Amino acid sequence: MAETIDLSGDGGVLKTVVRKAKDDAIAPSDSLPLVDVHYEGTLAENGEVFDTTHEDNSIFSFEIGQGAVIKAWDIALRTMKVGEVAKITCKPEYAYGTAGSPPEIPPNATLIFEVELVACRSRKGSSVGSVSDEKARLEELKKQRELAAATKEEEKKKREEAKAAAAARVQAKLDAKKGKGKGKGK
């Protein structure tokens, strides 16, 4: 089983690598503070999904260290590399605390996120060119995700069809055995 790392030193932010990044993958830094992530958040208490980018195949983007996300994410994403998938367990004091985030997240909730670091990049000026480049990049990422999801769905469909065909063959053999010896040749 993968090693769990205590990123906060007090058990408040735990990280377990689900899929390692390539050795030469880039990581967020002062020069690459903008990150794109794909994630699913669940309540540790009952496993209920409260937020995900998987349903609409979207990418969530933010700048690390600016307080745009919960404290656990600012801590954990700094330790990740592009392509890495990690399970991040966040105690309430590193997430939404005593207030929670109603109605999805109750007060004092421990949260578990499975996060994939899709990209990290530099801060750009908001010129028309960079905005259109960014939109094109995000569209391309979305297309790649949709293609992967469609391929996965097609594979699932083929497996289900193969199972159904095998079940039909077994049933036909059983039916053939039942028909023998019942006086059909009168």
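This is a friendly chat about a predicted model of a protein.

User: Hi! How many helices and strands does the protein have?
Analyst: Hello! The protein has 2 helices and 7 strands. Bear in mind that the model is predicted.

User: Which residues line the largest pocket?
Analyst: The lining is made of Arg19, His38, His54, Asn57, Val85, Glu114, Glu116, Arg145, Ala148, Ala149, Lys152 and Glu153. Strand S7 and helix H2 (128-179) are the elements that give two or more residues to that lining.

User: Which element gives the largest share?
Analyst: That is H2, with 5 residues in the lining of the largest pocket.

User: How does the lining split by class?
Analyst: The largest pocket is lined by 6 charged, 3 polar and 3 nonpolar residues.

User: Is Asn57 buried or exposed?
Analyst: Asn57 is buried, because its relative accessible area is 10% and the cut-off for buried is under 20%.

User: What about Asp56, where is that one?
Analyst: Asp56 is also a loop residue, placed between S4 and S5. With 47% relative accessibility, Asp56 counts as partly exposed.

User: Which side chain does Asp56 make a polar contact with?
Analyst: The side chain of Asp56 is joined to that of Ser58 by a polar contact of 2.7 Å.

User: Which other residue has a positive phi without being a glycine?
Analyst: Asn108 does, with a phi of about 55 degrees. You will find Asn108 in the loop between S6 and S7, and at 49% relative accessibility it counts as partly exposed.

User: And which peptide bond is cis?
Analyst: The one from Pro102 to Pro103 is cis, with omega near 0 degrees. Pro103 lies in the loop between S6 and S7.

User: Changing topic: how many disulfides are there?
Analyst: The count is 0 disulfides. If you want to look at cysteines, Cys90 is buried at 0% relative accessibility, and Cys120 is buried too, with a relative accessible area of 8%.

User: What about Arg121, where does it lie?
Analyst: Arg121 lies in strand S7, which covers residues 111-121. Arg121 is buried, with a relative accessible area of 15%.

User: What does the side chain of Arg121 make a polar contact with?
Analyst: Its partner is the side chain of Asp36, at 2.7 Å.

User: Now Gly11. Which loop is it in?
Analyst: Gly11 is in the loop between strand S1 (4-6) and strand S2 (13-19). At 19% relative accessibility Gly11 counts as buried, because the cut-off is under 20%.

User: How far is Gly11 from Thr89, C-alpha to C-alpha? What is the distance?
Analyst: Their C-alpha atoms are separated by 9.0 Å, and the two residues are 78 residues apart along the chain.

User: Last one: where is Val82?
Analyst: Val82 sits in the loop between helix H1 (71-77) and strand S6 (85-90). Val82 counts as partly exposed, at 22% relative accessibility. Along the chain, Val82 and Lys20 are 62 residues apart, and their C-alpha atoms are separated by 9.3 Å.

Key
Residues numbered from 1 in each chain as written. Predicted model: local features only at pLDDT ≥ 70, side-chain atom pairs only at ≥ 80, totals over all residues. Heavy atoms only, no water. Disulfide = S-S within 2.5 Å. Buried < 20%, exposed > 50% of the residue type's maximum accessible area, 1.4 Å probe, protein only. Helix = DSSP H or I, 4+ residues; strand = E, 2+ residues; numbered from the N terminus. Polar contact = N/O pair within 3.5 Å; in protein donor to acceptor, adjacent residues only side chain to side chain. 1 Å grid on protein atoms, 1.4 Å probe; cavity = no way out; pocket = protein on both sides within 12 Å on 5 of 7 lines; lining within 4 Å. Nonpolar A, V, L, I, M, F, W, Y, C, P; charged D, E, K, R; others polar.
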